[in-house]
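Thanks for coming, everyone. Please bring up the sequence and the model on your screens. I'll keep this short.

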Amino acid sequence: MACGAAPSAPTNLTAQAVTCAVWSSSATYVQGDTVTASGKAYRANFWTQGDSPASRNGPAGSGQPWTVISSCGSTTPPPTTTPPPTTTPPPSSTCNAATWTRGVNYTLGTVVRYPGNGQYYKLVNVGSNGSDGTDPTISTWYWQPTTCSTTPPPSSGGFVVSEALFNQMFPNRNSFYSYAGLTTAMRAYPAFANTGSDTVRKQEAAAFLANVNQETGALVYIREINQANWNSYCSSGNCGGKQYYGRGPMQLSWDYNYRTAGAALGIDLLNNPDLVATDSAVAWKTALWYWMTQRAQAARTPHDAMVSGAGFGETIRAINGGIECNGGPGREGMLNRGRYYTDFAGRLGVPTGNNLTC
């Protein structure tokens, strides 16, 4: 099954629009879309339909689908009144962060030191034109306060699943789905399987790999088996011959998912969708992008579901809930995911928790 499949095609797909459409409860919106409602302007934080901006809004990363923006067409949230962290930055001699410079378009994950206050900020989101030189002290959507150290992000030695265990979990996997590709991709999302207690970190890793197992036939299939209906994943009805059928560990599908994932990762996936099937690290990055940031019609992202204790069943709802949850036609897929999760959690020596279905 392809992840993130919507019940109907989006009707507003213009990211960073110059003018905002009036919000409609029947329209579908994706990350970056802007609307007006109740006299205010809002930007979508992720895929949403039927969520009123007036009642479902908050800062990016808060779990709310909408964020208030200063004006229609604005690409920057209004300035926050929250003072910057007061923690003392480490000596500059131990930190390789660049000094933030106005006008420089930084890449996702870059850590900079702001010269005005000496604090460090990490670029956590990018728009269609990258960071556009946005001031870290103003935009909490693009930048988040962080600390700067020489500690490297998770590597092959930092993942709670060893390479030997990974190979045992997927004995017949396609070599494209390499362990090195996964651990390289994890550098883009260092909170993955690295949040909470040791038990929670292992449960999240088991949950992610269980869902990947279901999506790819145990890491065998790189591309969706049935590609004959590829044009059905083109929300505008005309994608210029580009094919957006499912690819990669989470079977990324639909043109708007390729566009949004590419913008977040700094990769032009809208024009080069097959990178997800030809570059192992890119493939794993798109899977982690979905896991860490998307929730479809669920209340939480899969990552948030596992670290908050909501349980494995909520990850299924976020990935393929419209088909597999609530007695849907794909119920057997839901049961398979639960079996895989139970197996993988057992291999990691952690309990599954109570919520295995949706």
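I'll go through the cores, one buried proline, a sheet and a surface patch.

First, the ground rules. This is a predicted model, in which local features need pLDDT of at least 70, side-chain atom pairs count only at pLDDT 80 or more, and totals for chains, interfaces and linings use all residues. Residues are numbered from 1 along each chain as its sequence is written, and side-chain values use heavy atoms, with hydrogens and water left out.

Start with the largest nonpolar core. By that I mean buried Ala, Val, Leu, Ile, Met, Phe, Trp, Tyr and Cys residues joined through side-chain atoms within 4.5 Å. Buried is under 20% relative accessible area, exposed is over 50%, and partly exposed is in between, with a 1.4 Å probe and protein chains only. This core has 66 residues. Among the members that touch the most others are Phe159, Val161, Trp284 and Trp291. Several helices supply at least two residues each, including H1 (163-169), H3 (198-216) and H6 (280-293). Helices here are DSSP runs of H or I, at least four residues; strands are runs of E, at least two; both are numbered from the N terminus. Which helix gives the most? H6 does, with nine residues.

Look at valine 161. Beyond residues up to four places away in sequence, it touches Phe166, Met169, Tyr179, Ala205, Leu209 and Leu348. Touching, or contact, means heavy atoms within 4.5 Å. There is also a second, separate core of eight residues. Trp100, Tyr121, Leu123 and Trp143 are among them.

Next, proline 53. Find it in the loop between strand S5 (48-49) and strand S6 (66-69). Is it buried or exposed? Proline 53 counts as buried, because its relative accessibility is 0%. Neighbours within four places aside, its contacts are Trp23, Val35, Ala37, Tyr42 and Trp66. Serine 25 is 28 residues apart from it along the chain, and their C-alpha atoms are separated by 9.8 Å.

Now the sheet. Four strands form an open sheet, ordered S7-S8-S9-S10, with mixed pairing. Two strands pair if DSSP finds at least two bridges between them. S7 (98-99) and S10 (143-146) are at the edges with a single partner strand each, so one side of each has no neighbour in the sheet. S7 runs parallel to S8 (111-113), joined by two bridges. Alanine 98 sits opposite valine 112 in S8.

Last stop: tyrosine 221, in the loop between H3 and H4. At 42% relative accessibility, tyrosine 221 counts as partly exposed. Thank you.

How values were computed
Patch = residues over 30% accessible without salt bridge, like charges linked within 9 Å, V, L, I, M, F, W, Y side chains within 5 Å. Areas by Shrake-Rupley, 256 points an atom, 1.4 Å probe, with all protein chains shown as cover. Salt bridge = Lys/Arg side-chain N within 4 Å of Asp/Glu carboxyl O.
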